[in-house]
Each structure stands twice: as structure tokens, then as C-alpha cells.
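User: Hi, I've got a structure open and I'm new to this. Can you walk me through it?
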Amino acid sequence: MNEFPIAVILLDYILGAAMWTLIGRFGMSIFVSEHSDFFFMKAFVRITDPMIRVMSKLTPPFLIDRLKPLYVAWFLFIIRFYLMPMILGYDV
């Protein structure tokens, strides 16, 4: 714990929470419509829509709307497990 600055740990937790929220939205969208009145689906959509909008320039246009959260989660995975260790000086 003393090796890493608290900012790096917080950034990793935030990226991880965002990644799992996007995966949760994808999983829930298999069973529930994105326009549903179900509270959890509304929360997933409200939390993840800004992330999907920010990444819209990197998202291929042929990708269907239900797969976009999974695609953005993949980008966050790449950042967490490849880019952050490289920035911190670890061998990737």
C-alpha cells in the first residue's frame, strides 16, 4: 500500500467501478429494455450514458447499441491493465 500514491489507487478503483457498471448494463440489457421503468436499469443508463457518449468517436458505427457498453468497458480494461502499469513503470 505504501508503494502507490493514493491518487493511483483511487483512479484504479474509479476505472474498475466504471468498467463493471458498463458490464452490468450490458448484462441487464439482455433481459430488460434500456427504456424500461425498472429502477436499476434507469440507474445503469443514467450512469453509463456519459461514458458511452465520450467514447462515441472511438466506437465503430457498425456496432449495435446493446454492445456499446461492452465495447467501452473493454477500453477501460485496456487502460487499467496495460496503460496504467506502463505509466507506473512496470514491465508490461
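User: Are α1 and α2 parallel or oblique to each other?
Analyst: Keep in mind that this is a predicted model. The axes of α1 (residues 6-31) and α2 cross at roughly 125°. An angle of 65 to 115 degrees would be roughly perpendicular, and over 145 roughly antiparallel. The two helices are therefore oblique to each other.

User: Which hand does the crossing have?
Analyst: Left-handed, as α1 passes α2. The axes come within 9 Å.

User: Which residues make the contact?
Analyst: On α1, they are A18, T21, L22, G24, R25, M28 and S29. On α2, they are F40, M41, F44, V45, I47, T48, D49, M51 and I52. By class, that contact has 10 nonpolar, 4 polar and 2 charged residues.

User: Let's pick F44. What does F44 touch, beyond its neighbours within four places in sequence?
Analyst: F44 is in contact with T21, G24, R25 and M28. F44 itself lies in α2, residues 39-54.

User: And how many Å separate the C-alpha atoms of F44 and I30?
Analyst: They are 13 Å apart. Along the chain, F44 and I30 are 14 residues apart.

User: New topic. What makes up the largest nonpolar core?
Analyst: It has 11 residues in all: V8, L15, A18, M19, L22, I52, M55, V72, A73, L76 and M84.

User: Which helix gives the most to this core?
Analyst: α1, with 5 residues. Both α1 and α3 (68-87) supply at least two each.

User: Last one. What does M84 touch, leaving out residues up to four places away in sequence?
Analyst: M84 touches V8, L11, D12, L15 and I79. V8 and L15 are also listed in the core, as is M84.

Key. Residues numbered from 1 in each chain as written. Predicted model: local features only at pLDDT ≥ 70, side-chain atom pairs only at ≥ 80, totals over all residues. Heavy atoms only, no water. Helix = DSSP H or I, 4+ residues; strand = E, 2+ residues; numbered from the N terminus. Contact = heavy atoms within 4.5 Å. Axes fitted to C-alpha atoms, helices over the stretch in contact; angles between N-to-C directions. Parallel < 35°, antiparallel > 145°, perpendicular 65-115°, else oblique. Left-handed = near helix turned anticlockwise from the far one by under 90°. Nonpolar A, V, L, I, M, F, W, Y, C, P; charged D, E, K, R; others polar. Core = buried A, V, L, I, M, F, W, Y, C linked by side-chain atoms within 4.5 Å. Buried < 20%, exposed > 50% of the residue type's maximum accessible area, 1.4 Å probe, protein only.
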